[in-house]
Amino acid sequence: MMDSNPDIKLPSNEQAEVALLSTCITHPRQFEKVKDTLTPGDFHRSSHSWAWGALQAIAADGLQVGAVTLADRLERREQLDKFTTLGSSNATGTSAIAHLLASDRSNIRDTDTLIAIIKNLSAKRQLFYLLSRHVEGAINGKPAPEIIKDIQTELGAIELIISSSQAEILDAKTALKRSEEHTSEL
């Protein structure tokens, strides 16, 4: 479900998405460690979602994750010509992938933090969609007890996602602190 109100800006952080994708493409071993922590649906920008799904498929096929294999997979899925990324203006396809890699603003130490940010924002969007569905039901005459029961049921699943994201944020904060301590030792 897309937000029908153009004034509503769904929570997202495309810079975090770009940084994570760039890091995972340029550091394939890091991607291997984190490939199952997110789903394509956790990414807000469609192109980033396609890229994550393609990277997961590349790894599942036992191939090396990289810009060439990403472009090839997107081409086979007929998504390459529509692939764009943050800040790439009108660039699409391989030019957008090159821009994605050139905009590498992270390093391996940031990966856990980036994942936590993306998961948290994904959970917020899921909550928005859940509530939107039930507002529509209320407007269309669905009985209040039924709406409440449905929200409670669906909210349980989102609570698990949010709890998981919060735990990962705490882990990410610990990782960031350790990273800062390691940097100060150098």
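**Thr-85 and its setting in a predicted helical model**

Q: With which residues is Thr-85 in contact, leaving aside its neighbours within four places in sequence?
A: In this predicted model, Thr-85 has its place in the loop between helix H4 (67-76) and helix H5 (93-102). Once its neighbours within four places in sequence are left aside, the residues in contact with Thr-85 are Val-18, Arg-45, His-48, Ala-96, His-99 and Leu-100.

Q: Which side chain does a polar contact of 2.8 Å join to that of Thr-85?
A: His-48 is one of the residues in contact with Thr-85. The two side chains are also joined by a polar contact, for which the limit is 3.5 Å. At 2.8 Å, the partner of Thr-85 is His-48.

Q: How far does helix H6 (residues 111-139) reach from its first C-alpha to its last?
A: Helix H6 has 29 residues, and at 1.5 Å a residue the expected span is 42 Å. The helix is followed by Gly-141, whose phi is positive, near 95°. From first C-alpha to last, the reach of H6 is close to that expectation, at 42 Å.

Q: How many helices and strands does the chain have?
A: Read along the sequence, the chain follows the pattern α-α-α-α-α-α-α. Its secondary structure therefore comes, with helices and strands taken as DSSP runs, to 7 helices and 0 strands.

How values were computed:
Residues numbered from 1 in each chain as written. Predicted model: local features only at pLDDT ≥ 70, side-chain atom pairs only at ≥ 80, totals over all residues. Heavy atoms only, no water. Helix = DSSP H or I, 4+ residues; strand = E, 2+ residues; numbered from the N terminus. Expected span 1.5 Å × (residues − 1). Polar contact = N/O pair within 3.5 Å; in protein donor to acceptor, adjacent residues only side chain to side chain. Contact = heavy atoms within 4.5 Å.
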